[in-house]
Amino acid sequence: MPAPREIALEVNGRRQVLHLDPSAPLLAVLRNDLALNGPKYGCGLGECGACTVLLDGRAVRSCVLPLSRTEGRRVTTLEGLGTIEAPHPVQAAFIAEQGAQCGYCLNGMIMTTVALLERNPAPSEAQIREALAHNLCRCGTHMEILAAVRRAAAERAA
Amino acid sequence: MRARRETDRQGLLRQDGVLAITRRRAPVPGTEPGANERDEEDVFVAVFDDGSVAAFNGHVDLGTGIRTALAQIVAEELDVRLDQVNMVLGHTGRTPDQGPTIASETIQISAVPLRQAAAEARRTLLALAAARLGTEALQVSEGVVSAGDGRSVSYAELLHGAREVVPLSGAAPLKRVEEYRIVGQPVPRLDIPAKATGGLVFVHDMRVPGMLHGRVVRPPYAGLDAGAFIGNSLLSVERDSVAHIPGLVDVVVIGDFVGVVAEREEEAARAARELRVAWKAFTAPASLDDVERALRENPSTRRILRDTGDVDAALAGAARRLPRSYSWPYQMHGSIGPSCAVAEWAEGRLQLWSGTQNPHMLRAALAQLMAMPEARIEVTRMEAAGCYGRNCADDVCGDAALLSRAVGRPVRVQLTREQEHLWEPKGSAQLIDVDGGLDAAGGVAAYDFVSRYPSNDAPLLGLLLTGQVKAEPAVLQMGDRTAIPPYDYPAMRIAVEDMPPIVRASWMRGVSSLPSTFAHESWIDECAAEAGVDPVEYRLRYLKDARAIDLVKAVAERAGWEKRTGPRMKAEGDILRGQGFAYALYVHSKFPGYGAAWAAWVAEVEVNRRTGEVTATRIVTGHDAGLMINPDGVRHQVHGNVIQATSRVLKERVSFENGLVASQEWGGYPILDFCEVPEIEVLMMPRPEEPPLGAGESASVPSAAAIANAIFDATGVRFRRVPFTPEVIREGLRPVMQAEAKRMRRRWFAGFGGLAGGLVVAAGAAIGWASAMAPAKPPGADVFSAAQIERGRLLAAAGDCAVCHTTPGGVANAGGLALDTGFGRIWSTNITPDVETGIGAYSFAAFQRAMRQGIARDGRHLYPAFPYTAYSKMTDEDLLALYAYLMAQAPVRSVVPDTKLAFPYNIRPLMAGWNLLFHRPGAMEPDPAMPAEWNRGNYLVNALGHCGACHTPRNALGAERGGAARFAGAVVEGWEAPALSSLSRAPVPWTEADFYSYLRTGHSPRHGVAAGSMAPVVADLQALPDADIRAMAHYLASLNPVPAEVDPAPLVAAAAMGPRQGGSEGARLFQGACAACHGGDAQEGPEVALALNSNVHSDRPDNLLRVILDGIRPPIPGHGEMPAFRDSLSDRQVETLARFIRANFAPGRAPWGNLPQAVARLRATPAH
């Protein structure tokens, strides 16, 4: 295990300087050191997507990402998108379409959608499904989630 | 001062400014007599002097949205706004005990007193208002009571200074449906905004001051909860094995319960992984390779649920007998978030934050586990990842409670994905035998149904592991849900074989009703086909329930039901299309139980007769839930049921190996993904006048039969075993199709044994002692120039000194790394300038001799694990610079273990003979015919870099071979060092640019990532200037003829479809475990298409297997991190996955022949 050292990164627009083991999973650091609730532990293997965050705007799986990978870079979590009073348009679309049953996978769905719409503002139905294919939902909220992504894309275009 | 809203029951009732509707109940066990009189009073509804309302229900929201629906009920009866109501669910200190949240009972049963209490509160407030306003002609709207004359008073005003505790009479008038304004309206869920923005909602997010992190280490009898070995299998726990982990607080052992507690979560996780625990051997009670047989052999007691008509006579007289068996596999809840809990044990009280489904039942179990009265335990229910029955949510509470008590601080315990998969009580397998017959007219003569369902209430795991409860499984009567078919057959005998669990199993969505309905609805479909009657029409002949008949007709019409008298087998190429029907009234709870919502499915499928893939393309579901409190909520539940049930029917089966659960992650237990989700249409029957019925499970009940019947329509073949995976379909269609057609980097030891070894003994014995050289005083820091030292630093990097002379996490070059060899363990030495334990006493001459001849200062021969055969080629100038650098390091006192090889290898002088045979000392001379860059590359590769030490095969005595064998590849410490010569198996040839990219960054997009023993080599090469890396690349490329360019794109494209199609277990493992990153674009990093990866194309599976087992920690962050699957996949799964990867991504290569042995061998090789 590498020795702790200072690692500076930007999380949700704020510079953070952490003295930690550089191999610590980003997910644990975000949740336990920065008290963020958005990214969730789901599998620790990069399989399910519950831990998704944006790294310089790209959706990545924080459970298998060592902290060292984020050094000097920009991390955005669910909290960094918007607030309950002023949600990000994608968060608002998920709320409007009721895109959650238990809501544990919701973080990954929203973060993946934000990244998708950044690189492809008008995705086809097949492209939406493909982009979310490795984000698992067990409650069967897929219909509402797909509707939320379509709504977010449509509102972005409007 | 306003009344407090966030308080326990007693606090609530002891303050002014409150109206509470209450009901007396038996005291909580453990309550001191008379101590808490108020604790014997349940509160259902409380209205406060600020106009807000708290409403209390013992059930919890499992993600179904009942929090919102219950709030609607309360707001409606009380005439307040929805946002005035705060629902408190499943809190032992605040809500009534209404049993576990199971069986779709919340709306149907546990909401009844809530509704009455809200009505009671309204009646009480109206009476107060009537007294205040002097009239009984009053109207209420949004919590304000108005008289006809314009005067009004709010609930808040009425309650100022008041304390009204009113018993729930159940007699307050309820609103009529026509008066509803809130109930029956689609209402957005109250919990989603906070969940969508990262609010504190889930138990996983709970943080308590001073909280520590815990992990548990479970016994090897994964998923079993019955057997004499449970609770007494622990042999030993080596606490020292984790003593080095920083932040470790405690290792807690009670019986078979083992847990670790640390300051940081990743420290706890590491401690749980590295803790050495020894367990007794045990025998799993039954082989579950053949689940049907295991169910048949499980001891049972027959219970007849119904016996009407003379079944035996009817069967004997039947014109046609249709005996059939239907089976269902073990399945998982598979909550996306593994269970988590926070416990705080202090001063004899236990506070718990939990995602439990049954807070009061949990509290009773915890009281037993902790040997403390229930009244001293408070369970606060927070939201958890959706569960569909009993998962590990309660177990983890027991874990957290035990760990918190042990360390005296709050502890958060997070189960791992693997633990949740292995230990969650499964949805049980089920086997149903139907005997039945048709009369001469094609009508049903008799139906004889026997069901086996080994499941119970899965006692709290902590009670079993600590040995407080004997692991003797209770037999519960759970196999009878919806066991009686909805059809009016003339003779019917319905029986259940009540039996104990075989593996840990408990209630899961639909309990036994899904399999029972699979049998009922498949069998009647067979009868219709036998009789040549349309299956919907046939069902209607036997349905007597008017609501059922309405529903069946409505769904058939909406779906565009195509009448048929047999399977239609519509084909288009390899695709066969079909449509199937099924209906069910979900009957739940203790027999005879209650009916929840009615449901019917029309499923449309496509079957690929070549690959066996079944795609559900469209599901039309009809649903009659009576009055729908929140129609949007009901629709979402129907969607969820359709998708989850489709997943269960098409994909899900817990796999077992040696009687134990083997599915530990999503590759081993795949579920439906977005690309596989069908089009869904929901038809909701409008019945606002009928009582509201549970909607959490009903819509999943007809699933399997509707899909099986659609597959029959498409193929003409009946499938009676869930799930309908491609293998099952291919197997079932085969007759039809046939009819149609007619680290050991240093492996100088390889073979260094037996006779050959004997020769060396003889040769070496005569000449084998070298003289010791006098110890020198270490040179001072000022002896060498900064430039020399810097040059030496680069040489040390290129020579990879630190790779072997440093332990993971240890001080650079202080030695102590164990190199496990076939001849024994060699320990690398301390090469810092410490006089006693390092090389501080080496003069330059002694250093030179060691580097060129492999002889230590004291005259001992060094084993050629130290690559002096390569270093010997270094120039004197470079050796001096390297010496300068090593001597300029800070001396570190580090005693490393002596290398003690077994006889004859322990006789170091023998190495002199070896050197005579194979070692040619002396500096390398440049080749004047070649350019300077080539010569530099040659020097770096062959002298300093000693690449051949790994990449060139050795002869029988462990010396590098020459000629064509140079750089022909070899195996080192369980890693293959692939051929660098033209013998490379890479599908796209290595070019100079590829070599450069690989050595510089640790990965080549056209070949792969440096892992295993190569990773630290690349890390060290970071120190070298670009020119040197280019020289190495130039030299290495010169070993091969100029390769023909290969376009990688078609290779990559051709391999893309295999995982997606999921046609084999290997494909599904890949899709679930690997495809998110490999092809799925879900992770940043070098995307090395597996179709191009050298390891996948190699003649040996070693590197691929090692990467799967141990992951990749790349030399440079960002260049190919991969998690290890050692603890997540079984040997058999790794083998299956590797076989698929080979076949799919290297289709031109022969299958690897020795996979099972290779996996076992490499798993036994420790990861470095």
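**Entry 1: prolines in chain B**

I started at B:Pro592, which sits in the loop between β25 (575–588) and β26 (594–608) of chain B. The model is a predicted one. I checked the peptide bond from B:Phe591 to B:Pro592 and found it cis, with omega near 5 degrees.

I then went to B:Pro723. I placed B:Pro723 in the loop between α17 (703–715) and α18 (726–741) of chain B.

**Entry 2: positive phi in chain B**

I looked up B:Asp800 next. Its phi is positive, about 60 degrees, although the residue is not a glycine. I located B:Asp800 in the loop between α20 (786–798) and α21 (801–805) of chain B. Is B:Asp800 buried or exposed? I counted 23 other C-beta atoms within 10 Å, so B:Asp800 is buried.

B:Phe967 was my next stop. It is a residue other than glycine, and its phi is positive, near 60 degrees. I found B:Phe967 in the loop between α27 (948–951) and β33 (970–972) of chain B. B:Phe967 counts as buried because it has 26 C-beta neighbours inside 10 Å. The cut-off I used for buried is 20 or more other C-beta atoms within 10 Å.

**Entry 3: chain B overall**

I noted 37 helices and 36 strands. The C-alpha trace of chain B spans about 115 × 85 × 55 Å along its principal axes.

I also checked the record. An unreviewed UniProt entry annotates "domain: Cytochrome c" on chain B, over residues 775–890, 932–1040 and 1061–1145. I took residues 932–1040 of chain B for a closer look. This stretch is 44% helix and 9% strand. Its end C-alpha atoms are 19 Å apart.

**Entry 4: the hairpin in chain A**

I moved to chain A. How do β3(A) and β4(A) run? They run antiparallel, and 4 bridges join them. I see a hairpin here, with 2 residues between the strands. A:Asp56 is in the turn and has a positive phi of about 50 degrees. Across the pair, A:Leu55 stands opposite A:Arg58 in β4(A).

**Entry 5: two domains of chain A**

I read the domain assignment of chain A as domain 1 (5–80) and domain 2 (82–157). The centres of these domains, taken over C-alpha atoms, are 21 Å apart. I found 13 residues of domain 1 of chain A in contact with 13 residues of domain 2 of chain A.

On the domain 1 side of this contact, β3 (52–55) and β4 of chain A are the elements that give two or more residues. β3(A) gives the most, with 3 residues. I sorted the residues of this side into 7 nonpolar, 4 polar and 2 charged.

**Entry 6: where chain A meets chain B**

How many residues does each chain bring to the contact? I get 62 residues from chain A and 63 residues from chain B. On the side of chain A that touches chain B, the elements that give two or more residues include α1 (26–33), β4 (58–61) and α6 (142–157) of chain A. β4(A) gives the most to this side, with 4 residues. I divided the residues of the chain A side into 33 nonpolar, 19 polar and 10 charged.

Note on methods
Residues numbered from 1 in each chain as written. Chains lettered and ligands numbered in written order. Predicted model: local features only at pLDDT ≥ 70, side-chain atom pairs only at ≥ 80, totals over all residues. UniProt positions renumbered as here; feature names shortened; annotations may be inferred. Contact = placed C-beta atoms within 7 Å. Nonpolar A, V, L, I, M, F, W, Y, C, P; charged D, E, K, R; others polar. Domains from an automatic or database assignment. Pairing = 2+ DSSP bridges. Buried ≥ 20, exposed ≤ 12 C-beta atoms within 10 Å, placed from the backbone.
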